[in-house]
Amino acid sequence: MRKRVGDKIIPMVLTLLTFLLAFYQLLKIYHMESQFNRNILIIALFCLIAGFFTRWFVKLPLYLLVLCGGLFLNFSQNLSFSLTWASAFGQQLFNLGELFLAGRIGYLPEEIAISLVLLVMSLLAELLIEYERIVISYLIIIGYMLFLIIYNDIELPVEIVLFASLGLMHRFLLVHEKNKRNYFIVGTLLSVFLLITWAVPNDSIETRMLAPSATLRNYLNEQGFYQFIEETGAGNPTRSGFSEDDAVLGGPLLDDNQIVFEAQQQSPHYWRIDSKTYYSGSGWEDPASGNTRVESYSGEEIDLIDEDYQAELAEEEEINLTREVMDSYIPLPYGNKQINSEDPPAELYVNEETQRVDFQNNDPFRSFQLNWQDFEYTTEELADVSLTIPNTSVDYLQLPEQLPQRVIELAEELTAEEETFVGKVTAIEDYLKHSENFRYSKMDAGFPTENQDYVDHFLFDSQVGYCDNFSSAMVVMLRSVGIPARWAKGFSTGEEVSENHYVVRNSDAHSWAEVYFEGYGWLPFEATPSFNQPLQQTTPSSEEVSESSSEERTTTQETTEETGTEESSSTAEDSSTTTTSTVTEPTNERPFFISPVVRNIFYMILFVLTCGLIYILWRWHFYLYIFFWVKISRGNFLNIYPILLKKAEKFVLRPPEQPLSHYAQIFEESYPEFQQSFIHLTSIYEKALYGGEQEDKQSLTQSLLDVAWRLSQIKKKRNL
């Protein structure tokens, strides 16, 4: 026992450090860091069982007992450690598993995740401590960490390097246990490597990698990699939906498909809620309270008229709206509206500056009716409008003093040749919307570096983002060339689930730019790819009118940019500090549907098989190499034996002057499991080399492969 403990103490310590670091990252994801201390004992017991005991009939019940104890410490459910607790926890796991497989839970519950990780740790403890399978074990651990990084809004570069370093140290100590000088050298090199990794700013590395990796990231996006991550991911990435706080924007986003409201209407349109005017360099904030005026309205019929709009209006339509989420805001279309509510009469607050409308008493109004007249104008009419600054106390040209000069220079370059006001606006809009420089993605969107401007980071560094990125960039560039603009947000059109019946979800949250035109007021412009400007108007010909259906009106309909090309119906987004969405459909209908869970399981199996293949290639590469020489290339025996001899000398040193037959005897004394096969092969080699005698080809081939197989299995003897 003492000898075994001496042999296993270093693997136990390294394994314990590795497991603690890995498990802490899981607890952080589920906000369970406070339970880390109690899990130290559980992980230490796994390592002690693997190191102290050799018999499986002893180890197995101990592992099971410690595993149950670990689950009890994390999920006691206010019960004592007993069969009653085990039964209750088992039933809870079963119920959560059913909900997860049915897609009713969009993340992997912590009970299941921690149970699986503790189980895998018990198996890895055996691989690392008992069987000393270092490479495959650390590949599994690093793969697990990469999954955490992909599926969660976390960065673990130092941890990944630390795992790799621990694995290298573990492997090195296994091979060179008694060489103290090498301990010092390798320990020093790994320490310096870790120090450099910790000291180099992650943002600097990320920024430098963006351009070289753009092609790969675009390819992954086209292959649906980021959509797969979105559908199957779990953890903490921000989810889409309307948010009041937009002070800090950026980062990846997952869809939330909760229904917000439903509408019975004739034509689709954007649903506007709010606008923000102050850009801080990190996000958008409301104007100072003294710069806005809030009016109170009440009655059975409340008219909301846009007094700035002096052009034609479309025919009146009726919209019946039913809310599923009882927030105070009212989502409304552009144009003139009348809100009808008889019992009780509506009471509203209207912000005259931002044009946001809220219920004073929110609860009673689950359903209400809108009489709506849409704006009706043409882009040709806007071409005759000159730039005008709105007469208000709010500064719609505000920009932060630290805005990088290159943002201003880009906006000036884009608008330099445009003669009309609307031409300058659409030049910036088209650049963001159609330029090949930019790519739309929620999962691939990043954060600005520390103290970097949000728009500057998007325009020149990442060039990947969703509607918040595109709309913010448009507003900032418009302001930098003296055009009054503001950031608007709400919801896109939603999904038409039946004729004239639209469902709007959190995943349909969206943001866009608004520009002030004298005589028209604030008009929306859409800079996000795959979205059309909500009120983009052109003068249609009679032929076009006859070919167009009512669903193809350009007043407020969101469609895809290219004919026949539509993207996923919920590619819209928001961060906890933002609002975003998409409403496009799949490009091609799939002949069959594979659920995200099944796909996730398939990819996990594929990952395990890939790791297994890598392990086989690494573990048996020497045998496969000799097999290739013997079977395929039909290499000469006199050329193959020296390769086997060189491999053997890695385990038992051979002085240059020592005869081969004598060396073979010494080697077999150290490794009796060869059962005289190496001595026999050496004898054949000497006869062939000096006497020209040749053994039967089939027998010689078998002897070569037998020795190669045994050489690929043995380990270096430890000095006792």
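Visitor: What makes α14 mostly covered?

Guide: In this predicted model, 10 of the 14 residues of α14 are buried. Buried means under 20% relative accessible area. The buried residues include F421, V422, G423, V425 and A427, and among the others are I428, Y431 and L432.

Visitor: Which elements do the buried residues of α14 pack against?

Guide: They pack against the helices α12 (379-382), α13 (405-415), α15 (454-462) and α16 (467-480), and against the strands β19 (509-517) and β20 (521-525). Helix α14 lies across β19 and β20, and runs at about 160° to β19.

Visitor: How do you know that the span of α14 is close to the expected one?

Guide: The expected span is 1.5 Å times one less than the number of residues. For α14, residues 421-434, that gives 20 Å, and the helix reaches 20 Å from its first C-alpha to its last.

Visitor: What is found at the start of α14?

Guide: A side-chain oxygen of T420 comes to within 2.9 Å of the backbone nitrogen of G423. The cut-off for a polar contact is 3.5 Å, so a pair at this distance qualifies.

Visitor: Why are β4 and β20 said to stand at the edges?

Guide: The open sheet has 4 strands in the order β4-β16-β19-β20, with antiparallel pairing. β4 (271-276) and β20 each have a single partner strand, so one side of each is left without a neighbour in the sheet. Neighbouring strands here are turned by 40° against each other on average, direction ignored.

Visitor: How do you know that β16 and β19 pair?

Guide: Two strands pair if there are at least two bridges between them. Strand β16 (residues 485-491) and β19 have 7 bridges, in the antiparallel sense, so they count as paired. A485 stands opposite V515 in β19.

Visitor: What makes one face of β8 covered and the other uncovered?

Guide: In strand β8 (residues 301-304), I302 and L304 form the covered face, while E301 and D303 form the uncovered one. In a regular strand the side chains alternate between the two faces of the sheet.

Visitor: Which strand is joined to β8 by bridges, and how many are there?

Guide: Strand β10 (residues 336-340) is joined to β8 by 4 bridges, and the two run antiparallel. The bridge partner of D303 in β10 is Q338.

Visitor: Why is A346 called buried?

Guide: A346, in strand β11, has 0% relative accessibility, and the cut-off is under 20%, so A346 counts as buried. Not counting residues up to four places away in sequence, A346 touches Y297, S298, G299, I302, S341 and F365. A346 and S298 are 48 residues apart in sequence, yet 5.3 Å apart in space, C-alpha to C-alpha.

Visitor: Why does N351 count as buried?

Guide: N351 has 15% relative accessibility, which is under 20%, so N351 counts as buried. N351 also lies in strand β11 (residues 346-351). Leaving aside neighbours within four places in sequence, N351 is in contact with T292, R293, V294 and R356.

Visitor: What lies 3.1 Å from a polar atom of the side chain of N351?

Guide: The backbone nitrogen of T354 does. The limit for a polar contact is 3.5 Å, so this pair is within it.

Visitor: How many residues, helices and strands are there in the protein?

Guide: The protein has 23 helices and 20 strands. Of its 720 residues, 49% count as buried.

Conventions:
Residues are numbered from 1 along each chain as its sequence is written. This is a predicted model: local features need pLDDT of at least 70, side-chain atom pairs count only at pLDDT 80 or more; totals for chains, interfaces and linings use all residues. Side-chain values use heavy atoms; hydrogens and water are left out. Buried means under 20% relative accessible area, exposed over 50%, partly exposed in between (1.4 Å probe, protein chains only). Contact means heavy atoms within 4.5 Å. A polar contact is a pair of N or O atoms within 3.5 Å; within protein, one must be able to donate a hydrogen and the other to accept it, and residues adjacent in sequence count only if both atoms are side-chain atoms. Axes are lines fitted to C-alpha atoms, for helices over the stretch in contact, and angles run from 0 to 180 degrees between N-to-C directions.
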